[in-house]
Amino acid sequence: GVNEFVGYDNTTYNSKILALLDENFKEVTSLEKGSSGWVMLDKTPFYATSGGQNGDVGALEDNEHIAIISETTKFHGLNLSKVNVENSTINQGEEVEAVVVNRYEIAKHHSATHLLQSALKIVLGETVAQAGSLNDDKRLRFDFTYPKAMTKDEIEEVEEVVNTMVTRNIQGSVEELPIDEAKKKGAIAMFGEKYGDTVRVVEFGDVSVEFCGGTHVRNTNDIGSFYITKESGVSAGVRRIEAVCGNSAISYAKSCIKKYEDVQAEVKNNNVLVGIKKSKDQIKELKKELDEAQNSSSAPIRE
C-alpha cells in the first residue's frame with residue numbers, strides 16, 4: 001500500500017515477483033517476451049485504481065528494461081499490475097526493480113480535485129456534495145450535487161479560488177486516524193467508499209480535509225496552474241466539472257493561444273474582435289445589397 005505523499009517518494013521499490021497470471025488470469029510460472037499478463041509483487045509501489053484515481057503505470061526492470069506496467073487494479077483485495085513483457089522472459093520468484101512513471105501528474109490532479117471541492121463549497125454553498133470523481137495524469141472530472149447550471153461568473157470564481165489556494169503554498173499532511181477522530185476534524189468522506197475503524201486523512205491547511213487513500217502532492221504549489229475546461233449536467237441535480245492542471249494546464253494554455261493566433265491570422269487583424277466585427281458588418285452590407293438586387297430583378301416590367 002502507499003501511505004506517503006507521492007510524486008517524490010515511494011516511486012521505486014526492489015521487489016520480488018510473488019505470482020504471475022496470464023491474460024486469462026490462470027497462474028503461470030513465467031511470461032514470455034511479447035506476451036501480456038498480471039503480476040503480484042511482494043511489495044509494490046504501484047497504486048491500484050481506487051476512489052476515482054487511475055492506477056499507476058511504469059516498468060519492471062533488472063539489468064535491462066524488461067516489462068511495461070500498463071495498469072494497476074485490485075482484485076479481491078489483491079494489488080495486481082498488468083504487465084506487457086518487452087524483451088526477455090519474466091519469472092515467478094525473480095527480483096526486479098519496480099518503477100512508477102506517471103504518478104506525479106496524477107497526484108497533481110487528485111490534490112486539485114480536493115481543492116476544487118472546497119472551492120465549490122465556498123462559491124456555491126456548503127450543500128454541495130461530491131457525487132463521483134475521476135482523475136488521471138491528464139485531467140480531472142468532478143461530479144457534484146447542485147440544482148442548476150453554474151453561471152460564467154461562478155465558474156470563473158471557482159477557478160480563481162482554486163488558483164489562489166495553489167499559490168498560497170499550502171503544505172499537505174497525511175495521517176492515519178480512528179474514524180471518529182477524523183469525523184471530529186470535519187474530514188469529508190468520499191462518495192461511495194466504505195471505511196474501516198482507521199482511515200487515512202489528507203489535509204491541506206485550512207482549506208481541505210478529506211478521507212482519502214490516494215496519491216497527493218506535498219504542497220499545493222506543486223499543482224501549477226488550474227483551468228476549468230467544461231461545466232455540464234450529468235443528471236437531474238448533478239453537475240460535472242472537467243479541469244486540468246500541471247503539464248496538462250500548460251498544454252491547454254498553449255492550445256488556447258494557438259487557436260487565438262489562428263483566428264488572428266484568418267481575420268487579418270491584430271485585434272480579433274475588431275476584425276470579426278468588420279467581417280460581420282461586411283456580410284450584413286453584402287446581404288442588404290443582394291436583397292436589393294433580387295428585389296429589383298423580380299419587380300414586374302411595365303409596358
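**Stop one: a helix pair**

Start by selecting H4 and H5: H4 passes H5 in a left-handed crossing. Keep in mind as you look that this is a predicted model.

Now for the geometry. A pair of packed helices is described by two things, the angle between the axes and the distance between them. Here, H4 covers residues 246–267 and H5 covers residues 272–297; they pack at an angle of about 45°, and their axes are 9 Å apart. H4 and H5 are therefore oblique to each other.

**Stop two: the nonpolar cores**

In soluble globular proteins, nonpolar side chains tend to be buried together. Which residues touch the most other members of the largest nonpolar core? Select Leu-116, Leu-120 and Phe-144: out of 31 residues in that core, these three do.

Next, bring in the elements around them. Helix H1 (103–124), helix H2 (152–167) and strands E11 (140–145), E13 (198–204), E15 (226–235) and E16 (238–245) each supply at least two residues of this core. H1 gives the largest share, with eight residues.

Zoom in on Leu-120. Leaving aside residues up to four places away in sequence, Leu-120 touches Gly-125, Val-128, Phe-142, Phe-144, Met-150, Val-158 and Ile-241. Then move off to another core, which lies apart from this one and has 16 residues; Val-39, Leu-60, Val-85 and Val-96 are among them.

**Stop three: two loops with positive phi**

Last up, a bit of backbone. Pick His-76, in the loop between strand E6 (65–75) and strand E7 (78–85). Phi of His-76 is near 50°, a positive value in a residue other than glycine. Is His-76 buried or exposed? His-76 counts as exposed because its relative accessibility is 87%, and the cut-off for exposed is over 50%.

Then jump to Asn-169, in the loop between H2 and strand E12 (172–178). Asn-169 isn't a glycine either, yet it has a positive phi of about 55°. With 43% relative accessibility, Asn-169 counts as partly exposed.

How values were computed: Residues are numbered from 1 along each chain as its sequence is written. This is a predicted model: local features need pLDDT of at least 70, side-chain atom pairs count only at pLDDT 80 or more; totals for chains, interfaces and linings use all residues. Side-chain values use heavy atoms; hydrogens and water are left out. Axes are lines fitted to C-alpha atoms, for helices over the stretch in contact, and angles run from 0 to 180 degrees between N-to-C directions. Helices (H or I, at least four residues) and strands (E, at least two) are DSSP runs, numbered from the N terminus. Angles under 35 degrees count as roughly parallel, over 145 as roughly antiparallel, 65 to 115 as roughly perpendicular and the rest as oblique. A crossing is left-handed if the near helix is turned anticlockwise from the far one by less than a right angle, and right-handed if clockwise. A nonpolar core is a set of buried Ala, Val, Leu, Ile, Met, Phe, Trp, Tyr and Cys residues joined through side-chain atoms within 4.5 Å. Buried means under 20% relative accessible area, exposed over 50%, partly exposed in between (1.4 Å probe, protein chains only). Contact means heavy atoms within 4.5 Å.
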